[in-house]
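Good morning, and thank you for coming. I would like to walk you through one structure, beginning with a single helix and then turning to the contacts between side chains.

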Amino acid sequence: MIRSTLAAALFVLPAVAFAQATPAPTAPPAPARYADIINWPTSEASFDRFFNAETALGRAFDNVCGDTFCEGDFGNLRPMQLRCSVDTTKGTVKQCLWTFAGSYADVNKKTGAVQVNAKLYKCKLPLAKDTPVEQFFQLIEGENPLESKLPMSRASIYDGLATCL
């Protein structure tokens, strides 16, 4: 009797321990509320489209830079990166930031050291609330993306830069 009880215990106890150690199945994680626009509507779905538009915006900026934003200390102002977030529950653009960098350098006449003054600008585009992603793409892929009015807005990307740079 003791043998059969011990034998049963050897089979039952590991099974009970294994059952307790096995985690209960969990629900899959909820989809993220916000995504990078290049990952809208699926991973990297808008990658080429967005970066082509970003390149065109950079060229448009370069065309107006010398007469506007690039006068003064930061004559070498350069667009660095445009990044936008999308509210995945609505299919709308939540926010876009366009970063710029500029610097100027001087040579210290006593020591010969080069002294650099640099600045990073983080410019928020003046988007209207709940701007549909497709309408935003149509604007930034258009003929004059910098100066055209943003969808559902009275402001352009240029207007947003004028208050930032």
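A residue is called buried when its relative accessible area is under 20%, exposed when that area is over 50%, and partly exposed in between, using a 1.4 Å probe and protein chains only. By that scale Arg-83, at 28% relative accessibility, counts as partly exposed.

Please keep in mind that this is a predicted model, in which local features need pLDDT of at least 70 and side-chain atom pairs count only at pLDDT 80 or more, while totals for chains, interfaces and linings use all residues. Residues are numbered from 1 along each chain as its sequence is written, and side-chain values use heavy atoms, with hydrogens and water left out.

Let me start with helix α2. Helices (H or I, at least four residues) and strands (E, at least two) are DSSP runs, numbered from the N terminus. Helix α2 has 19 residues, 47-65. The expected span of a helix is 1.5 Å times one less than its number of residues.

Which residues of α2 are buried? They are Phe-50, Ala-53, Glu-54, Leu-57, Gly-58, Ala-60, Phe-61, Val-64 and Cys-65. These residues cover an arc of only 165° around the axis, which puts them on the same side of α2. The arc is that of the directions from the helix axis to the C-beta atoms. On the face turned away from the buried side, α2 carries the exposed residues Asp-48, Asn-52, Arg-59 and Asn-63.

What covers the buried residues of α2? The cover includes strands β2 (78-87) and β3 (92-107), together with helices α3 (133-140) and α4 (157-162).

Thr-131 is found in β5, residues 131-132. With 0% relative accessibility, Thr-131 counts as buried. Leaving aside residues up to four places away in sequence, Thr-131 touches Thr-92, Val-93, Phe-136, Pro-151 and Met-152; contact here means heavy atoms within 4.5 Å.

I now turn to charged side chains. Side chains of opposite charge can pair when their charged atoms come close. A salt bridge is counted when a side-chain nitrogen of Lys or Arg is within 4 Å of a carboxyl oxygen of Asp or Glu. A search of the whole structure finds six salt bridges, and I shall describe some of them.

In one of these, Arg-83 pairs with Asp-36, with the closest N and O atoms 2.9 Å apart. Arg-83 lies in strand β2 and Asp-36 in strand β1 (residues 34-36), so the pair ties together parts that are 47 residues apart in sequence. Asp-36 has 22% relative accessibility and therefore counts as partly exposed.

Another salt bridge joins Glu-134 and Arg-49, whose closest N and O atoms are 2.7 Å apart. This pair links distant parts of the chain, with Glu-134 in helix α3 and Arg-49 in helix α2, 85 residues apart. Both residues are partly exposed: Glu-134 has a relative accessible area of 39%, and Arg-49 has one of 27%.

The side chains of Asp-130 and Lys-90 also meet in a salt bridge, at 3.3 Å from N to O. Asp-130 is in the loop between β4 (114-124) and β5, and Lys-90 is in the loop between β2 and β3, so that distant parts of the chain, 40 residues apart, are linked. Salt bridges that share partners also join Arg-49, Glu-134 and Glu-141 into one network.

Finally, the aromatic rings. Rings of Phe, Tyr and Trp (its six-membered ring) pair if their centres lie within 6.5 Å; planes under 30 degrees apart count as stacked, over 60 as edge-to-face and the rest as tilted. The structure holds 10 aromatic pairs. In one of them, the rings of Phe-69 and Tyr-158 have centres 5.2 Å apart and planes at 50°, so the pair is tilted. Phe-69 is buried, with a relative accessible area of 12%, whereas Tyr-158 is partly exposed at 23%. Ring pairs link Phe-61, Phe-69, Trp-98, Phe-100 and Tyr-158 into a cluster.
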